[in-house]
Amino acid sequence: MGAGTETFYSVMRRQGITRRSFHKFCSLTATSLGPLAASRIANALETKPRVPVIWIHGLECTCCSESFIRSAHPLVKDAVLSMISLDYDDTIMAAAGHQAEVILEETRAKHKGQYILAVEGNPPLNEGGMFCIDGGKPFVEKLKMMAEDAMAIIAWGACASWGCVQAAKPNPTQATPIDKVITNKPIIKVPGCPPIAEVMTGVLTFITTFGKLPELDRQGRPKMFYSQRIHDKCYRRSHFDAGQFVEEWDDEAARKGYCLYKMGCKGPTTYNACSTVRWNGGVSFPIQSGHGCIGCSEDGFWDKGSFYDRLTSIKQFGIEKNADQIGMVAAGAVGAAVAAHVAVTAVKRLATKREDADHNS
Amino acid sequence: MIDAVAPASDARPDLAAIAADASGERAVGRPSVYVYEAPVRICHWVNAFSIVVLMVTGYLIGTPLPTVAGEASDNFVVGYIRFAHFAAGQVLAVFFLTRILWAFVGNHHSRQIFYIPVHRKQFWKEVLHEIRRYAFLEREPKMHVGHNPLAQTAMFTGFTLFVAFMIVTGFALYSEGQGIDSWQDKLFGWVFAIWPNSQDVHTWHHLGMWALVVFVMVHIYTAIREDIMSRQSIISSMISGERQFRD
C-alpha cells in the first residue's frame, strides 16, 4: 500500500503533466477559488499525500456508484486514480474475498483518523442487522468498525442520508440512515437518488484539495451544492411567477415548456443542484425533459404521496387525503354544526318567548 | 374601567347585575365598561384583514389559478399573489408582536388571550357552564366583562397558538427563498430540524390555514350569537371598546 504516501504532484507528473503546466493549473485554480495564493495550492499538491478513501456498500442499489463513474468534471478516472486513493470499493475493485477484506484492516491501522469513509446505502438494524450481510457479517458491524477510525464519513445518496426506499413505510428491515447509527464522527450528507456525479466528485475534490470538509448546512449537506432549491434556479421559474402552468401532460402548456408545479413538481421543496449542474455532463435534468422533480434528495420522499400531486397526501387515522380535502371537510362540518346550532337556538328562543307569553297572560 | 370596580366579597353568580370577568373577579354591573383599548382594537382589525388576505392568497399558492396566456415576461400572477401573501404575513407578524407587547402595558383584559388559568377550579367550572349553555342545558348566560372562560380558551388556542404556529412556519418557508444566510433562516430555520423535508412544513402550514378557517367561522358565529343572546355587546365592543350590558 504505497499509495498512502504518494502526493498529487507525483501522480500528475506520472501522468505526463509538466511542471510548467502544473503551475499554470495552480494559478488558474487560485483565481477561480478566490483569495488563495497559487503557491499555497502548488505546495499543498506537492506535499500532501492523497486522501485514502474506503467506499462501503450497505442496503442500496448502486445507483450512486453508477452516477459517480459518469462524472465528467472532473472525469471519474482522474478522481479515482489521481485525486483520491480509493483503497477499497467492493463493487469496482479487482480484489475480492479475503484479499479485499484485508485492505480494510490495513487502512484502519495505517491511516488511523485520516481516511474518508464513503458509505453508499444504509444498515438495516432489524433482526440484529441480518438483512444486509457483507463479508459474512451484518453490514452495520462493518460500518461501525470502519467509522471508528475514520476522519469523516460521506453519506452517499438518499439511502445513507435519509433512508430512501428501503426505509419507506413500513420499513420492515428498519433501514436506518448513517447519522442515526454513527453519532461521533463528522458526516457529510450528499443526498439524491442518485446524487449528481459532479456533486459527488466535487465534494471529494474539495476535501482532497483543502484537506478539510466543506461547509455544511443545518441538515449536514455541503452548502455549495445544497443551499438552494431546484425551484430557485429552475429555468422554468419565469413561467411559475407568471402563472403559466402545465395542467395536463399533453396540453399546449406542456409543449411550450411551462411550469410543472401543478403536475406535482417537488422543485419548490427540494434542495439540490440539478437545475444548475444538471445531469450527464450538463445535458439535461428532469424538469428540462418535461417531468417534474420528484424530490429524490429530500427526507422520506417516498412517503409524501404521489409524485404527481402538488399537495401531500396525509395518511393518518386510515385516511389518505390532502390538506385541502381535510380542511374542507372540517370547515364543512363546523359550518353544518353552526347552522344546526342557529336552528336550535331559534327554535328554543321561540319556545321560550311563547312560554313567557303564556305566563304573562 | 375594571380598576374602578370593587370586587364583591360573596358570590352571587346568577344575578344579572353582576358582571364577572374570566379570572373570576366579580364586578358591580354598570351600563357599559371599557374593555378593549385602542391598540387591542387596531390589532384585532389589522390581524383580521391580514388573515383573510393570507387565507385567500395562501390557498391560491397551493392551488394556483388557471394558466394565463401570453409571454412569461408580460405576466406576474403568481408573483403578485405571493407578494401579497408575504406582505400580509409580515403585517400580521408585526401586529401580533405589537399585541403581545401591549399585553404587558395594557389593561388586564389585554392579557386574557395569552393564557389559560389552568390551575383555577372556578375557571373550569365556568368553562363547563358555557359548554352546557352552548349545548342548550343552561339558559342564563353569566356576565363577563372580558371573554367568557370558554371564549378565553378558544381565543388562546384558536388565535394565539394557531397564529403563532402559522407565523413561525410561514417565516421558515419564507426563509427558503431568502436563502440560508438570511435572518429569517437564522430565526426560524430550526423548523427544518423538526421536519427536514420542507414539504412537510408546507403541509402543516396548509393544515394550519384550515384550522384558522374553522376558528374564524366559530369566532364570527359566537360573536354574533353572544351579541344577540347574552344581551351584552360583543361586535360593537371591538369598534368602540365599550361593553354594554343591556339589562
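Modeller: Let's settle one word before we start: two residues are in contact when they have heavy atoms within 4.5 Å of each other. By that rule, and leaving out residues up to four places away in sequence, Glu248(A) touches Ala254(A) and Met263(A). You'll find Glu248(A) in the loop between α12 (237–242) and α13 (252–256) of chain A. Compare that with Lys137(A), which is 111 residues from Glu248(A) in sequence and 50 Å away in space, going from C-alpha to C-alpha. Keep in mind that this is a predicted model.

Now to the meeting place itself. Chain A puts 50 residues into the contact, and chain B puts in 47 residues. Together they bury about 4100 Å², with carbon and sulfur atoms giving 57% of that area. There are polar links too: 28 residue pairs are in polar contact across the interface of chain B and chain A. Which helices of chain B supply at least two residues each to the side that touches chain A? They are α1 (38–62), α2 (77–105), α4 (149–178) and α7 (198–229). The largest share comes from α7(B), with 16 residues. Sort that side of chain B by class and you get 26 nonpolar, 14 polar and 7 charged residues.

On to the charges. Side chains of opposite charge can pair when their charged atoms come close. Between chain B and chain A the count is 3 salt bridges. One salt bridge joins Asp200(B) to Lys304(A), with N and O 3.0 Å apart. Another group to pick out is a network of salt bridges linking Arg229(A), Asp232(A), Arg237(A), Asp241(A) and Glu176(B).

In chain A, Glu66(A) pairs with Arg70(A), their closest N and O atoms being 2.8 Å apart. Glu66(A) has a relative accessible area of 39%, so we call it partly exposed. Arg70(A) is partly exposed as well, at 49%. In chain B, the side chains of Arg132(B) and Glu138(B) form a salt bridge at 2.9 Å, N to O. Arg132(B) has a relative accessible area of 34%, which makes it partly exposed, and Glu138(B) is also partly exposed, at 27%.

One last thing to check is the cysteines. How many disulfides are there over all chains? The count is 0. Take Cys265(A): the closest cysteine sulfur belongs to Cys293(A), but it sits 5.3 Å away, so that is too far for a bond. The cut-off here is 2.5 Å between the two sulfur atoms. Cys265(A) is buried, with 7% relative accessibility. Over in chain B, Cys43(B) is buried too, with a relative accessible area of 3%.

Methods: Residues numbered from 1 in each chain as written. Chains lettered and ligands numbered in written order. Predicted model: local features only at pLDDT ≥ 70, side-chain atom pairs only at ≥ 80, totals over all residues. Heavy atoms only, no water. Buried area = accessible area lost by both parts, 1.4 Å probe. Salt bridge = Lys/Arg side-chain N within 4 Å of Asp/Glu carboxyl O. Polar contact = N/O pair within 3.5 Å; in protein donor to acceptor, adjacent residues only side chain to side chain. Helix = DSSP H or I, 4+ residues; strand = E, 2+ residues; numbered from the N terminus. Nonpolar A, V, L, I, M, F, W, Y, C, P; charged D, E, K, R; others polar. Buried < 20%, exposed > 50% of the residue type's maximum accessible area, 1.4 Å probe, protein only.
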